[in-house]
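Here are my notes for your first read of this model. Keep the structure open beside them and check each point as you go.

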Amino acid sequence: MLEIFEVGPCENAFQMGFLIGQRFSHLIKSRLAKDLILQDQLLPFASSPQSQHLIRLLSEANSKKYPSYWDELLGMAEGSGVPVLQIILLNFRKEILPFVANKMEITWNADDDCSDVLVVSDSMAIAAHNEDANVALVDHTYLIRGTLTKGLCFTAYTYAGELPSCAFGFNCKGLAFTLNSVPPIEEEILAGGIGRNFISRDLLEATTMDDALSRIRSSQVSVGHSYNLIDVGARCILNVETASRNRVSIREVGSIPFFHANMYLHLQVQQVQDENSKSRQKRAEKLPKQSRTDFLSLLGDMADAKYPIYMTGPTLYTLCTALIDLDQQTVSIIEGNPRNGEVTHMFSLS
């Protein structure tokens with residue numbers, strides 16, 4: 001069962017991170033030991049001379065723009081008893097891995113693949129999201145319910161050892177988001193830019209849709225991302241694709257269901273051709289998307305044995321499914337195939 005940890009208000013960001021790290025020290029250490037991407041790629045790269053410049057640039061840029069979130073990261077390392085370098089590598093893995101692949105002459109494969117299906121019509125307004133990740137994340141996630149000193153509170157599905165949240169989250173202002181990684185080629189990446197984990201941590205504190213968009217636009221992102229921004233009060237869903245050099249494309253979701261896997265769909269960026277993502281995109285186009293049940297059935301589809309939408313290993317797993325219903329103003333978390341609709345957690349967005 002996915003554990004919930006309520007934390008805050010705290011004296012400062014370092015204390016919040018420390019308490020999270022302390023509470024989940026066992027899971028963080030377990031993930032670090034089992035994460036082959038960390039052990040076989042990130043750590044060896046970090047010990048090489050050529051890595052020092054990149055890690056220093058990332059650390060300086062992100063600590064300068066987001067000093068409180070950087071303190072939160074440092075607090076998590078201390079609270080968990082884990083070397084801070086390993087926590088840094090986890091949180092910047094997306095910004096570092098393309099350069100690891102280049103230096104070590106290996107193929108850079110995404111270590112997570114998520115799927116979303118979204119709609120805002122007269123009859124329903126729903127965002128449904130499969131949280132897919134590397135096998136190392138199985139049983140290494142938790143929910144953080146954070147309360148800040150300024151009264152804002154958020155709930156975030158969190159990977160052990162990472163800032164909340166690189167997956168999905170929502171706050172007491174009725175704003176929510178889900179995330180999809182995207183694969184720009186190396187030439188499209190700004191080495192030492194802002195990390196995606198820091199941007200999504202910042203989104204948890206957005207107070208309006210415009211505020212959320214401003215936080216994304218001002219971020220000077222390193223790699224790029226796809227954000228599904230949800231404003232329950234306004235009954236609005238925006239898909240926002242970003243890339244380095246301040247490139248942003250916004251698409252408002254309407255009555256025609258919109259499926260997003262892990263490739264750019266409307267922002268013109270040179271990208272790695274991900275067969276997994278392309279296969280899921282093609283499969284989703286063929287499936288019915290007329291009801292809430294259809295959405296969950298789509299996210300539970302396993303018809304393509306090689307590249308199923310619902311993943312069961314050996315490398316990638318669907319950790320859970322989040323269903324955000326703007327009309328009911330609820331967030332439901334489903335563990336197991338969403339076709340079965342077995343909700344393990346439900347939260348109110350009102």
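1. What covers the buried residues of helix 1? The cover includes strand 1 (4–7), helix 2 (25–34), helix 5 (67–80), strand 4 (141–147) and helix 8 (196–203). Helices (H or I, at least four residues) and strands (E, at least two) are DSSP runs, numbered from the N terminus. Covering rests on contact, meaning heavy atoms within 4.5 Å.

2. The buried residues of helix 1 (residues 13–23) are Ala13, Met16, Gly17, Ile20 and Gly21. They span an arc of only 130 degrees around the axis, so they sit on the same side of helix 1. Buried means under 20% relative accessible area, exposed over 50%, partly exposed in between (1.4 Å probe, protein chains only). The arc is taken from the directions that run from the helix axis to the C-beta atoms.

3. A caution on sources. This is a predicted model: local features need pLDDT of at least 70, side-chain atom pairs count only at pLDDT 80 or more, and totals for chains, interfaces and linings use all residues. Residues are numbered from 1 along each chain as its sequence is written, and side-chain values use heavy atoms, with hydrogens and water left out.

4. Eight strands form an open sheet, in the order 1-4-5-6-7-8-9-10, with mixed pairing. Its edge strands are strand 1 and strand 10 (247–252), each pairing on one side only. Two strands pair if DSSP finds at least two bridges between them. Strand 9 (residues 236–243) and strand 10 are antiparallel, over six bridges. Ala243 has Arg247 of strand 10 as its bridge partner.

5. Helix 5 and helix 8 deserve a look. Their axes come within 10 Å and cross at roughly 110 degrees. That makes helix 5 roughly perpendicular to helix 8. Tyr69, Trp70, Glu72 and Leu73 of helix 5 make the contact with Phe198, Arg201 and Asp202 of helix 8. Axes are lines fitted to C-alpha atoms, for helices over the stretch in contact; angles run from 0 to 180 degrees between N-to-C directions. Angles under 35 degrees count as roughly parallel, over 145 as roughly antiparallel, 65 to 115 as roughly perpendicular and the rest as oblique.

6. Last, find Thr321 in strand 12 (residues 316–325). Is Thr321 buried or exposed? Thr321 is buried, with a relative accessible area of 0%. Leaving aside neighbours within four places in sequence, its contacts include Leu296, Leu299, Ile333 and Pro338.
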